[in-house]
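User: I'd like to learn how to read a model like this one. Could you walk me through it, starting from the outside?

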Amino acid sequence: MISLYPISTARPGCGGQSARSPRFGSQSPQSWTEHLHLQATQGNIYRLHELLKTPHNLNQPNPYTAKTALMLAAENDRPDAIRLLLSKGAQLEQQDSDQRTALMLAARCGALKAMDALISAYARLDATDRQ
């Protein structure tokens with residue numbers, strides 16, 4: 001089975017992306033959503049702009065983790081990607097499979113720039129997860 005989780009030396013699910021995109025194992029992303037998630041993880045603003053020109057659901061979560069592109073950008077401390085995704089309609093308070101929001105994931109990973117971008121966009125500070 002191909003791993004859909006980012007490789008990390010810190011907490012599971014936090015940062016640590018390489019140029020080979022280990023998030024999709026040895027295979028290239030196949031769908032628009034996989035491409036969006038990969039570009040958000042890597043913070044590639046140019047490619048995000050290109051992807052967002054086509055009509056798709058940018059809030060489509062990963063089928064296993066329920067993480068969205070916004071959540072992946074937050075975990076990987078990509079404030080420019082966060083601002084772009086929010087400007088295109090990303091849902092700020094959408095939750096993953098553990099009922100965590102993008103702000104919770106950024107805080108869990110110590111992604112301070114991402115936290116600042118999310119709080120500036122009025123992310124709820126009182127949200128709770130399953131744990």
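Predicted model: local features only at pLDDT ≥ 70, side-chain atom pairs only at ≥ 80, totals over all residues.

User: What share of the residues counts as buried?

Analyst: Here the idea is to look at each residue's relative accessible area, with buried meaning under 20%. The chain has 131 residues, and 45% of them are buried.

User: And how many helices and strands are there?

Analyst: Six helices and zero strands. Going along the sequence, you read α-α-α-α-α-α.

User: Let's zoom in. How many residues of helix 5 are buried?

Analyst: Helix 5 spans residues 102-109, and six of its eight residues are buried, so to speak "mostly covered". The buried ones are Ala 102, Leu 103, Met 104, Leu 105, Ala 106 and Cys 109. They pack against helix 3 (69-75) and helix 6 (112-120). After helix 5 comes Gly 110, with a positive phi near 70°.

User: Which residues of helix 6 are buried, and how are they placed around the axis?

Analyst: In helix 6, Ala 114, Ala 117 and Leu 118 are buried. They cover an arc of only 95° around the axis, so they sit on the same side of helix 6. The face turned away from that buried side carries Leu 112, Lys 113, Asp 116 and Ser 120, which are exposed. The cover over the buried residues of helix 6 includes helix 3, helix 4 (79-87) and helix 5. Tyr 122 follows helix 6, and its phi is also positive, near 70°.

User: Is Leu 70 buried or exposed?

Analyst: Compare its value with the cut-off. Leu 70, found in helix 3, has a relative accessible area of 3%; buried means under 20%, so Leu 70 is buried.

User: What does Leu 70 touch, leaving out residues up to four places away in sequence?

Analyst: Its partners include Ile 82, Leu 85, Leu 86, Ala 90, Ala 102 and Leu 118. Ala 102 belongs to the buried set of helix 5, and Leu 118 to that of helix 6.

How values were computed: Residues numbered from 1 in each chain as written. Heavy atoms only, no water. Helix = DSSP H or I, 4+ residues; strand = E, 2+ residues; numbered from the N terminus. Buried < 20%, exposed > 50% of the residue type's maximum accessible area, 1.4 Å probe, protein only. Contact = heavy atoms within 4.5 Å. Arc of directions from axis to C-beta.
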